[in-house]
Amino acid sequence: MFTAETLTSWIIFVPTIFAFFLVFFEKKAVEAMRVFALAGTVVTFFLSLALIGQFTVGDGGMQGKISVPWIASWNINYQLGYDGISLTLVVLSAFVFLVSMLASWGIEKHVKGYLILFLILETGVMGVFFALDFFLFYVFWEVMLLPMYFLIGVWGGPRREYAAIKFFLYTLAGGVLMLIALLMYYFGSATPEAMAITGHSGGSFDLLKLAEMAQRGDIFSPGLQVAGFILLFIGFAIKVPTFPFHTWLPDAHVEAPTPISMILAGVLLKLGGYGIIRIAFPLCPYGAQVAAYALVAIGVISIIYGAFAALAQTDFKRMVAYSSVSHMGYVLLGIAVWKISEVTGVAEGRDYWLMGMNGAMFQMIAHGVSSPGMFFMVGVIYDRVHHRDLNQFGGLSGLMPNYSGMAAVIFFAGLGLPGLCGFIGEVFVVLSAWNYSKTLAIVSAGGVILTAGYILWALQRVYLGPAYKGPHPEAITPMTSREQAIGWLLIVPCFVLGVYPNFVFNYTNDSLTKLVDTLDSGYQNTPKPNSVQTTQK
Amino acid sequence: MESLGNKLSTLLAIAWLLPLFGFVVEVFAMSWPNANRKSKAAAYFAIFCIGFGFVCSSIAFYEWGEGTDWAAFKAVDHGHSEVANAAEHGEHAATGHDDHEHKAATHETPKRTVFSGTFYNLAQFGNLKLSLDYYIDSLTLAMFVMVTLIATCIHIFATGYMAEELVDDYVDHQVHTHDGGHFHRPGRFYKFFSYMSLFCFAMLGLVLAGNIFQVFIFWELVGICSYLLIGFYVERHSASTAANKAFIVNRVGDFGFIIGLMILWTSFGTFSFDDQHEVDGNVNKVTAGLFTMVRGHDGHLDRSSDGQTVLLKNEQDVNGEWHVRKESDPGRKTITYTLLIVAGLGVFGGCVGKSAQFPLQTWLPDAMEGPTPVSALVHSATMVAAGVYLAGRFYPMFVPEVLLTIAYVGCITAFVGATIAIVATDIKKVLAYSTISQLGYMMLGLGVGGWGAGLFHLVTHACFKSLMFLCSGSVIAGCHHEQEMTKMGGLLRKMPITALTMLVGVMAIAGLAIPGTSIAFSGYHSKDAILATALAYTKLNPIHFLLFLVPLLTAGITSFYMFRLWFYTFLGKPRDQHLHEHVHESPWEMTGPLLLLAVLAAGCAIGGEDGKLFKMLTFSEPVGVGQGVDGAAAHTVSLPGHAAIHASHSTAGSAALLAAFIGMSISYLVYGKGVINPADIKRQAASVHAFLANKWGFDDLYDVMFVKPAHVVAKFAAAIDKFVFDEILHTFVRMGIAVSKWDRKFDEGVIDGIVNLMGNSTYSLGISLRNVQTGKIRQYVTFIAVSVVTLFVLLFALYPKG
C-alpha cells in the first residue's frame, strides 16, 4: 500500500482526509478537533519519513513517478514524483506543519474552520512539491492561496484585512504570470520536434518532458526562454520574496497568527525557491543564464536591504519578517552563481555553482527551521504581554530563563553561528559567489556584520537588562510544557543540521548535480543570438 | 608514525571534546527544576573536564616527544652555533648569497613533523571538499598544553572569585531598580562555568583545526562565548552593550576573513593546511594542501616571469616532491600575486578583529565588563591571542607585503595601547590596554619575520597576563568590587601573596632581567626576541626604521605604566580608608593558582632562545623562514633569517632592558617615591591627557562614521518599503478602485443610461405611436404607400446603379 508511488499521493491527501472528517466534529469539541488535526499532521510527517526510507541515495533522477491521465484532451496528467530537492522540502514542510499545529493550541476563534483550512493548506503545499505536471502544479499553487488568505484575514491581527488582501494580490499576480508562461510552454511544445519527445500530438504540461526539450535547445527559442524566464521568475520571486517584491511579507507576517507566520516563513517562502529550481531554471536554461547577473544582484540586494530594514524595525515580529527577506536572498544568490566563461563560452568553476545550489537548498531547510523558531519565540511573549514593541521589553532572561535560553539559541541560528543550521547555508553560498562575481561576493559577505547587528541589538532590548519595561508585567509566566516541547522540536534540528549538514546534502547533491549538468547542456545547445551574447557578464 | 598520529589526534580530541560534554551537562543541570544554587558541583565538573584535558594534552606532548625522539629539543639552532661570525653570516644569509651554507644549516635541523587527518566530512561537491580536520605539530601541542593549563588555573581561581554567585538571592550593586534599590536575582554560578567550558571547547577546536574554514567555525564560536561571558551580568546595560560591541566589531574583522576565505576557496579549491591523503580503492591519492601549493618543500614562492602570477605546486612526483604543473596541463593552478595579497590581508583582517589590533581595538577594553576570570582567560591569554596564533599558523600564505602590513598594524597597536594604558585608572582597563599593546608586539614580531618570536611572546604573555588579571581579580574581590586604582593604595600589607605574585607579573611584562646573567623573566626573553628580529629587519629595510624604534619606546612605556599600576595599588598610603579596612587576602583557591602562574610567568621561557619552549615552538617553523627572504630583486621588503636575527640580539636586548629600566625608574620616582606629583603632569599636559583618556577618540569616530550612518541607512531602507514600494502598490490599488468607480459610473450612467434610454424611448415611441394607431383603414394604406415610396427612393438614391 505504501510504495514510493503511492506515498506521494498519501502525503498530499492525508491532510484533506483529516480535514474532511473534521467537518463531522461537534462545534464544542474543540480539544478533540485539535488533537485530531494534530494527528493528521503527525501522520503526514511520518509518511514523509517513510518516503525517505523509499528514497535511493545516489540517484539524482525522479523517483516514485506516477502518471494518470486527468484531462486527456489537453494532455494534462496527474503526475507526481520526487527527487532529493523535493524530498528534503517535503520533510521540512511536514515538520513545520506539525510544529505549527502544536503552536495552534492558542487559537480560540472558529477552531473548526481554522483547522480545516490549515489542513487544506498542507495538501496544497505537498501537491506543489510533488507535482510534475505544470498544470497540476498550478492548480496546487492556487489551492494554497485561498486557505492562506482566510487564515490571515480571519484569524489575523488588527490590520488583517489589509494584510490578507495584499498577500492575495501579490500571490495572484505571481500566479497569473505563471499561467501565461504555462500557456506559452504548452503551445511552444506543440511542434513536431517536441512531439518526438512527448510521443503525442499537441502541447505538453509534463515538466520533465519540457525540461528535456529545453535541454535539447532547439525547441524553445532564446526569445521564448527569456520571456518565459522573466514571467516565471517574477512569479516565484514574489513568493520567495526578493527585493523589490517583498513588501507583502512584513504585513502578512505581522498580522498572521503565530502558527500561520511559522508556516509562511517555514514553508510558503520555500515554494518560491523550489519553483525557481524546479521550473524556472530547467524550462529556460538560456533565459536563466542570460539573467544570472541580475539574479545574483537581486539576491545580494535582498540580503543587504533586508538586513538594513530589519535593523530599523521597532516591531519584534516585523524585524523577524525582514530577516526572512535577508536570509532568502542567500537562496537566490546560491542558485544563480552560474558562471559562463567569456572566452570559451563554457561553464567555469561548475563545482562552485553546484556548491551554491546546495548551499541555497540548505539555506531553505535551515531557514525553514530557524525562522519558524523565531516567529514562535515572538509569539510566546506576544501571547503574554500583547505587544511587540522592541523598546518596551527587557529583562526577560531573568523572568523567563528557559524561554530566553531557547530564544537565544534560535536567534543565534538565524545569526549564522557555526554549529547551528544558519551558518552552513549562508557561508556555503557566500563562498561559492566569489567565482561568479567578486564585487557582489564582497557585498554579500558584508551581510554578516548587519545580521549580527540587528539580531544582537534585538536580543539586548528584549531579553537583557534589569527589568521589563512594557505593559502587563504580571502576565509574564514561564513557558508551558507545550511551548517548551515546541521549542525543543525546533532547537534540535538547528543543532543536528548545523553539526552534520550531510543530512541534507546526501539527498540534494545528486539531484542538483544532475540539474547543473542538464542546465549547462541546455544553455550550450540553445542557439545564441549574437546581440544577447555580448551582454554576458 | 601513523599510529602516533592516531594516538595524538585521539588524545587531543578528548581534551577538546570534554569541555563540550561539560557544557552540556552543566546546562542541563542548571535548568533542572530543583538545582541547588549553592552547590559548587558545576565548578568541580568544569575543572575536571579542563583538567583532564590538560592531562591528555600533557600525555600527547610526551608521546609526541618520545615518538619524535625529542628531536625538537635536540635541534641546534645554527644561528647560535655560529655566533662567532654571526654578524657576517647574517648579512650573507639575508641577502641570499650564501645558499649552500644555508642548506647545510637546514640539514642540521631535524625535519618538522606534522600529523594531519580528517575527523569527518561536512560536505563534498564535485572536487570541492569541506571537512573537520586536525593538524598537529609542536605549535598545536604547545598551545594545547598552555591553554588547558592556564584554563585549569583560572577555573580553580573562579571557584573562589565567583563564590558570591552561590546564593539564591544575589544583589547586583551596579544595577539600580527604579525604586532606588539594588537589583536582586538568583545566583548564576552554574551558568558561568557552563560558558567557560563551552569557551574551552571552542578555543581548543580552533587550535586543533586542520583547515582554515574550520578555524573560522571555531573563530565564531569563541566569539559567541566571549559575547556570553562579557555579557554575563546581563542586567547591566554597559555589559550587554559591551558584549554586542565585541561581537559586532569582531564581525567586521570576519568580513575580511570571509573575503580571504572566498579567494582561497576559489583559487585553491581547498582549505586544508596540509596535504590530504585519501584512499580510493587501492590507490593512495594525495592532494596538495594550501601550504604545499604556495610554498612547496623549500618555502619558495614560484612566480611567473613578470611576477604577476603565483604558480601553485599541486603535482607530486615519485619522490614526493611537489611541482608546478605544465602550462598545457588542465590541472595547473595559478593565482595572481595581488589576489594572494588580498587573501592574506583578508585573513589577517579576521586576526585584527579577534586580537584587537588597530583599528579594531576598541572592543577589548569594554570587554572588561565580564567577570575577571573571563578577562584573564578569554580576553588576555587565549581568545585574543587566537588572532596571533592564526597569523602564525597561516604564515606560509603571507607574502612580504602582507607581512609588512602586519608589522605596521602591530607596531601602531603596541604604541596606541601603551599610551592609553598610561592614563587609565581602572585596574582592569590598564591591563586591557596592556594586552592590546602586547598583542601588537606579537603581530609585529610575526610581521618582521620572527615567526618563533611572535608565538614565543604569545605563550609567555599568556602566562604573565593571566597571572596579572587574576591578581587584579583578587584585588577587586578583596576590595569588594572596587576597580578604581585611585581608591586603592597600600594593599601590600593586606594582601601580600597577591601583591608579590603581581610584582612577578609586572616584572615579566616589563621584561626585566639581571644584565650579564642568564636570570631573566619570561617577558624579557620573548620581547627581546621580537625586538632583535625588528632590529634585523630594519637593518635590511632601513626605510622601515620605525618598526624597531616604536616598539623600543613602547617597551619603556610598558614598564612605566605597569609599575605605575603596581605602585598605585600596593604601595603608598591607602587613599580610601574605609575601603582599606575591609580589604582581605583571598582564599587559597584563588592564591594557589596565582602562585602557580607566577612560577610560569617567571620561568616558562627559561633559557630564552636556547630554552625548551622556544625550541619546541620553532620546531614547527614554516620552511624557509629561517633563511629569510631577499626582496631586493622583487622590489619588496626583505626578511631577516635566523642568523641575522641572532646577530642583533645583544644590541636589541640591551636596548630593551635599558628602556625597561628607564620606564621603571620614572614610574618609581612618580608613583613610588612621589618625587614628582602626577597631578602636576596631568595639569601641564591636560590636552594630551584628555586625548589619551578619550582613547584617541576612536569610539567617537566610529560612532560618527559607522554606527550612526548604519542606522540612518536602515531607517532609509524601511522608509523606502513604506513610502515607495507600498505606495506603488497602493497607487495601483487606488487606481483599480478608481477605475472600478468609473466603471460603476459608466455602468450606471452610460450603459444603463443607454439601456434605460432605449427602453424609455421605445416606451415613449410606443406611447406616441398610439396616436397613429387610429384604426382607420385609409390612413393605414396611406402610411404603407408613403413608406414604400420612401424606401424605393432611398434605395435608388443609395444604390443608383442597381
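1. The model discussed here is predicted. In helix α7(B), 24 of the 24 residues are buried, so this helix is largely enclosed by the rest of the structure. Helix α7 of chain B covers residues 138–161 and spans 34 Å from its first C-alpha to its last. That reach is close to the 34 Å expected for its 24 residues at 1.5 Å a residue.

2. The strands β1(B) and β2(B) deserve attention. Strand β2 of chain B, residues 128–136, pairs with β1(B) in the antiparallel sense, over nine bridges. Within this pairing, B:T118 stands opposite B:D133 of β2(B). The two strands form a hairpin with two residues between them, and B:G126 in the turn has a positive phi of about 60°.

3. Chain A also has a hairpin. Strand β1 of chain A (residues 63–71) and strand β2 of chain A (residues 76–82) run antiparallel and are joined by six bridges. A:I66 has A:L80 in β2(A) as its bridge partner. Four residues lie between the strands of this hairpin, in which A:N75 takes a positive phi near 55°.

4. As a whole, chain A contains 22 helices and two strands. The radius of gyration of chain A is 23 Å, close to the 24 Å that the globule rule gives for 537 residues, so chain A is as compact as a globular protein of that length. Along the principal axes, the C-alpha atoms of chain A fill a box of roughly 75 × 55 × 40 Å. Of the 537 residues in chain A, 62% are buried. Among contacts in chain A between residues at least 6 apart in sequence, 80% join residues at least 24 apart.

5. Is A:A190 buried or partly exposed? A:A190 has 15 C-beta neighbours inside 10 Å and therefore counts as partly exposed. A:A190 belongs to the loop between α6 (160–188) and α7 (192–198) of chain A. Leaving aside residues up to four places away in sequence, A:A190 touches A:G202 and A:G203. From A:A190 to A:V378 the C-alpha to C-alpha distance is 52 Å, and the two are 188 residues apart in sequence.

6. Which elements of chain B give two or more residues to the side that touches chain A? The contact brings together 46 residues of chain B and 44 residues of chain A. The contributing elements of chain B are β1 (115–125), β4 (182–185), α9 (212–230), α10 (237–268) and α29 (698–772). Helix α10(B) provides the largest share of this side, 16 residues. By type, the residues on the side of chain B that touches chain A comprise 27 nonpolar, eleven polar and eight charged.

7. Chain B is divided into domain 1, covering 424–623 + 632–692, and domain 2, covering 699–792. The C-alpha centres of these two domains of chain B lie 86 Å apart.

Terms used: Residues numbered from 1 in each chain as written. Chains lettered and ligands numbered in written order. Predicted model: local features only at pLDDT ≥ 70, side-chain atom pairs only at ≥ 80, totals over all residues. Contact = placed C-beta atoms within 7 Å. Nonpolar A, V, L, I, M, F, W, Y, C, P; charged D, E, K, R; others polar. Expected span 1.5 Å × (residues − 1). Buried ≥ 20, exposed ≤ 12 C-beta atoms within 10 Å, placed from the backbone. Rg over C-alpha atoms; globule rule 2.2 N^0.38 Å. Pairing = 2+ DSSP bridges. Domains from an automatic or database assignment.
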